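Here is a short briefing for a reader new to this structure. The points below are grouped by topic.

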Amino acid sequence: MFVSFFPRPQLFFPSAVFWTALTMAFWYSYASDLIGSSEPTAVGVALFWSARSLWFDVYFAMSVGIFAAFWTWLSPQPWAIWSILGSGLILFTSYFQVQVSVAINSWYGPFYDLIQAALSKSRAVTLEEFYGELSTFAGIALVAVVVGVLTRFFVSHYIFRWRTAMNDFYVANWPRLRGIEGASQRVQEDTMRFATIVENLGVNLISSILTLLAFLPVLLRLSSNITELPLIGHIPYPLVVAAIIWAVFGTGALALIGIRLPAIEFFNQRVEAAYRKELVLGEDDPSHASPPTLAVLFANIRHNYFRLYLNFMYFNVGRIVYLQTDTIFPYILLGPTIVAGKITLGTMNQILNAFTQVRTSFQYLINSWSTIVELISIYVRLRGFEAKIHGEPQLSIETRAEPATLA
């Protein structure tokens, strides 16, 4: 799965994490100050080509270039341009999208304060001012749309290159793999799904981390406007503490509820593969795909799907209840401050957006759990391939029978 696309994965990924941490530490402790701290805070699209932003772009490119050059020298790999430089570009676009969110959050303050001033008639607001703020947002959105479309185009090619690398690796070992249950499906379908899901989950994880780095300081600064929390009273950094506790609670509860889903999804792929194989054999051989045989195989599919539906029902009850409560949770926290009239509409919207960004980042597992379940199932299937290639014993789940009950 990884060795076909990345150079020496067991060493590559730890080194990537180490290099990322090292370059980030150097940036925040020294490199970011080289341009000076006197530059005024940019608002709107000017944020993206401010001196600090452009210096970060250069610094990022240099860091990725050094890392790629090192690995190209240490362990040449035919897919290195895509696996190393391509991953670096995806990482940069994730950072850029976080900066778009930061720019929009900065825009919230003056825009909603302008609306409050106009509605309360506390000062004269002209139509030019109002449309000027909207044009600022339109500029940010236009840049975000262009970069987003180009990113998705590149990512599509990145995923297909990864699938190609896995496909070539498994096809080269096909004589040893053809006897495994669902071998054709694992090569033809699971490789694409694995590359797509890993890329999506990886990008979302990176985005969550970058969002935390960008918005935690904002939320810490905005916490100074919050005097107390309901039932708790005054505590240091109340919004940050509340976001962490709420996210940890939700993640733990939903992980416990959905703990059975990965194995059920694996069995689901197994019975689907058996049914598909019988149909394919029946296309050329009349002795296969007889109605009684297909009825038995489809009954297995129905049984497993019903078990999957039942377990997802448990999971979705907990997930939907949590997410619906999550919608009003920040308003509950801000209740005493709003009622006391201690913040403006603009500040309130900045707090709500920053709190949502931080809270959502901490809720990465909650938002991705269904996808993670699917990924675990695909990983186990492809891992069975690689165990066969290397002469290792098959995973226990490969030979385990499906549970007889729906629960």
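How many aromatic pairs does a search of the whole structure find? It finds 47 aromatic pairs. Rings of Phe, Tyr and Trp (its six-membered ring) pair if their centres lie within 6.5 Å; planes under 30 degrees apart count as stacked, over 60 as edge-to-face and the rest as tilted.

This is a predicted model, in which local features need pLDDT of at least 70, side-chain atom pairs count only at pLDDT 80 or more, and totals for chains, interfaces and linings use all residues. Residues are numbered from 1 along each chain as its sequence is written, and side-chain values use heavy atoms, with hydrogens and water left out.

**Aromatic pairs**

- Phe 26 and Tyr 30 form a tilted pair, because their ring centres are 5.4 Å apart and their planes stand at 50°.
- Phe 26 is partly exposed, at 41% relative accessible area. Tyr 30 is also partly exposed, at 46%. (Buried means under 20% relative accessible area, exposed over 50%, and partly exposed in between, with a 1.4 Å probe and protein chains only.)
- Trp 27 and Phe 56 make an edge-to-face pair, because their centres are 5.1 Å apart and their planes are at 80°.
- Trp 27 sits in helix H1 (residues 9-29) and Phe 56 in helix H2 (residues 51-74), so this pair ties together parts 29 residues apart in sequence. Helices (H or I, at least four residues) and strands (E, at least two) are DSSP runs, numbered from the N terminus.
- Trp 27 and Phe 56 are both buried.

**Salt bridge**

- The structure has 1 salt bridge, meaning a side-chain nitrogen of Lys or Arg within 4 Å of a carboxyl oxygen of Asp or Glu.
- Its partners are Glu 129 and Arg 123, at 3.5 Å from N to O.
- Glu 129 is partly exposed, with 32% relative accessible area. Arg 123 is partly exposed too, with 41%.

**Helix H10**

- Helix H10 covers residues 345-362, which is 18 residues. From first C-alpha to last, H10 reaches 26 Å, close to the expected 26 Å. That expected span is 1.5 Å times one less than the number of residues.
- Of the 18 residues of H10, 13 are buried, so the rest of the structure largely encloses this helix.

**Positive phi values**

- Arg 8 is not a glycine, yet its phi is positive, near 45°. Arg 8 lies in the segment before H1 and is partly exposed at 45%.
- Lys 121 also has a positive phi, about 55°, without being a glycine. It lies in the loop between helix H3 (80-120) and helix H4 (127-172). Lys 121 is exposed, at 71%.

**Nonpolar surface patch**

- Ile 257, Met 313, Tyr 314, Val 317 and Val 321 make a nonpolar surface patch of about 460 Å². Patches are made of residues with over 30% relative accessible area and no salt bridge: like charges are joined within 9 Å, nonpolar side chains (Val, Leu, Ile, Met, Phe, Trp, Tyr) within 5 Å. Areas come from the Shrake-Rupley method with a 1.4 Å probe; for residues, only the protein chains shown count as cover.
- Helix H9 (residues 291-339) gives the most to this patch, with 4 residues.
- Met 313 lies in H9 and is partly exposed at 46%.

**Val 102**

- Val 102 is in helix H3 and counts as buried, at 17%.
- Leaving aside neighbours within four places in sequence, Val 102 is in contact (heavy atoms within 4.5 Å) with Ala 214 and Phe 215.
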